[in-house]
Amino acid sequence: MPSREAWAIGFAAQSRSDWYVYGRLTADDQIPACHELHYLQMACEKIAKAYRCRDTTASLEDLLKRHVGFAKFIGSFLASPSIKEAYRGRDAQLRQVAKLARALAREIEKLAPAVDRAGSPENAEYPWEAGDEVIPPCQYSYPRLSLLTSPGGRTLLKLVARAIQDFQPPSPPP
Amino acid sequence: MSAPQTKDAAARNLIQWHFTVEPELREVYRMDDEGSLEEPIRLLEVNAASVPTGSIEPFGFSPTEEIPFRTVIAEITPEELETVRSHPEALPEGWSLSRAERFIRPQSA
């Protein structure tokens, strides 16, 4: 089986690529929002997995099988030394950022069809039922994610970009 | 600001900062051996603003100039902490609440 380090590097690389496609899709107004959100969700999930692979106490097999929550990741990332450095002297601003980032991260996580399908069926990939109707993602406006375009939402996106940019693979064991 | 010179000082600096910027952070359990420079700083943080998932997911972060040690942070809700108390096997391998150093929210934070 490939090493933990190899998996971490692989997840980070794929996250970086998903993030790039996300950026390309947001630049085209003709493409339905679901497609860009799908790539955003995938980029977020994979960078969370990359950082998760650095936890050497967990079984690698479990890590690969289990869903890793982006919402949990963003909480830990906000507490990371990197963010401490980035927000030096701006604690009050970070408190505000953290509140919205946590809320939006949960909404991004729910875009995966496997997450909270009963409570929040509005995912970015597959149609869902709403009363007597079937709603395809390409015809849905995702109002709960409209905050992504607000200043706070853009800050969350910058946090995602920073997490991807900051990622360094774990050191090999001595 | 000069960088803390020891792992213990860096861990305490990081924990103190977490209480400052996270209003819902209730307590922090430091899980690592402070004398081991190879072992990362490992923190289990009990935060009411966290999302309950029923699992403990530690994430690893790189050192910085100010915190020059690898850091692993897992966040759980107060309710998840109660579950961990009754099912300590849910903790990652090598983590133990009874052996951890506990930091509670300072009155001033």
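Keep in mind that the model is predicted.

Let's start with the contact between the chains. Chain B puts in 32 residues, and chain A puts in 29 residues. Where on chain B do they come from? On the side that touches chain A, α1 (7-21), β2 (41-47), β3 (59-61) and β4 (71-76) of chain B each give at least two residues. By class, that side of chain B has 16 nonpolar, 10 polar and 6 charged residues.

Now find A:Asp91. This residue sits in helix α6 of chain A. Is A:Asp91 buried or exposed? Count the other C-beta atoms within 10 Å: there are 12, and 12 or fewer means exposed, so A:Asp91 is exposed. Leaving out residues up to four places away in sequence, A:Asp91 touches B:Thr20 and B:Val21. Compare A:Asn123. A:Asp91 and A:Asn123 are 32 residues apart in sequence, and their C-alpha atoms are 34 Å apart in space.

Next, the helices. Two packed helices are described by the angle between their axes and the distance between the axes.

Take α4 (residues 70-78) and α6 (residues 91-109), both of chain A. Their angle is about 155 degrees, and their axes are 8 Å apart. Over 145 degrees counts as roughly antiparallel, so that is what α4(A) and α6(A) are. The crossing of α4(A) past α6(A) is right-handed. From α4(A), the residues in this contact include A:Phe70, A:Ile74 and A:Leu78. From α6(A), they include A:Ala98, A:Ala101 and A:Glu109. The classes here are 8 nonpolar, 1 polar and 3 charged.

Helix α6(A) also packs on helix α7 (residues 151-166) of chain A. Here the angle is about 75 degrees, with the axes 9 Å apart. An angle of 65 to 115 degrees counts as roughly perpendicular, so α6(A) and α7(A) are roughly perpendicular to each other.

Look closely at A:Ile74. Beyond its neighbours within four places in sequence, A:Ile74 contacts A:Ala101, A:Arg102, A:Ala105 and A:Leu159.

That brings us to the core. In soluble globular proteins, nonpolar side chains tend to be buried together. The largest nonpolar core here has 69 residues. Which of them touch the most other members? A:Ala43, A:Ile47, A:Ile74 and A:Ala101 do. Helix α2 (residues 33-52) of chain A gives the largest share of this core, 12 residues.

How values were computed: Residues are numbered from 1 along each chain as its sequence is written. Chains are lettered from A and ligands numbered from 1 in the order in which they are written. This is a predicted model: local features need pLDDT of at least 70, side-chain atom pairs count only at pLDDT 80 or more; totals for chains, interfaces and linings use all residues. Two residues are in contact if their C-beta atoms, placed from the backbone, lie within 7 Å. Helices (H or I, at least four residues) and strands (E, at least two) are DSSP runs, numbered from the N terminus. Ala, Val, Leu, Ile, Met, Phe, Trp, Tyr, Cys and Pro count as nonpolar, Asp, Glu, Lys and Arg as charged, and the others, Gly among them, as polar. Axes are lines fitted to C-alpha atoms, for helices over the stretch in contact, and angles run from 0 to 180 degrees between N-to-C directions. Angles under 35 degrees count as roughly parallel, over 145 as roughly antiparallel, 65 to 115 as roughly perpendicular and the rest as oblique. A crossing is left-handed if the near helix is turned anticlockwise from the far one by less than a right angle, and right-handed if clockwise. A nonpolar core is a set of buried Ala, Val, Leu, Ile, Met, Phe, Trp, Tyr and Cys residues joined through C-beta atoms within 7 Å. A residue is buried if 20 or more other C-beta atoms lie within 10 Å of its own, exposed if 12 or fewer, and partly exposed in between; C-beta atoms are placed from the backbone.
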